[in-house]
Amino acid sequence: MQSHLAELERRHAALERQIEDALLHPSVDSLELAEMKRHKLRLKDEIQKLRTIETVH
């Protein structure tokens, strides 16, 4: 479970960097940016859920 959590955190951080890079370019596709943000939020939710399960057990 720890390795899965670490992988999710790595993907979340990578997505955060992609979003930050995209925001630096005025030609960023707003739909693509919104999708990246939704994906990042789903990852965050999953990370939080796993941490909660880990704390309970």
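Colleague: How much accessible surface does the protein have, and what share of that belongs to carbon and sulfur atoms?
Modeller: This is a predicted model. Its accessible surface comes to about 4500 Å². Carbon and sulfur atoms make up 56% of that.

Colleague: And how many of the residues count as buried?
Modeller: 19% of the 57 residues.

Colleague: What does the C-alpha trace span along the principal axes?
Modeller: About 45 × 15 × 10 Å.

Colleague: Switching to contacts. Among those between residues at least 6 apart in sequence, what share joins residues at least 24 apart?
Modeller: 70% of them.

Colleague: Now R51. Where is that?
Modeller: R51 is in helix α2, which covers residues 30-56.

Colleague: Is R51 buried, partly exposed or exposed, and why?
Modeller: Partly exposed, because its relative accessibility is 38%. Buried would need under 20%, and exposed over 50%.

Colleague: Which residues does R51 touch, leaving out those up to four places away in sequence?
Modeller: L5 and E9.

Colleague: How far is R51 from E16?
Modeller: They sit 35 residues apart in sequence. In space, the C-alpha to C-alpha distance is 20 Å.

Colleague: Last topic, charges. How many are positive, how many negative, and how far apart are their mean positions?
Modeller: There are 10 positive and 11 negative charges. Their mean positions lie 3 Å apart.

Notes: Residues are numbered from 1 along each chain as its sequence is written. This is a predicted model: local features need pLDDT of at least 70, side-chain atom pairs count only at pLDDT 80 or more; totals for chains, interfaces and linings use all residues. Side-chain values use heavy atoms; hydrogens and water are left out. Helices (H or I, at least four residues) and strands (E, at least two) are DSSP runs, numbered from the N terminus. Buried means under 20% relative accessible area, exposed over 50%, partly exposed in between (1.4 Å probe, protein chains only). Contact means heavy atoms within 4.5 Å. Accessible areas come from the Shrake-Rupley method with a 1.4 Å probe; for residues, only the protein chains shown count as cover. Lys and Arg count as positive and Asp and Glu as negative; His and the chain ends are not counted. The place of a charge is taken as NZ of Lys, CZ of Arg, CG of Asp or CD of Glu.
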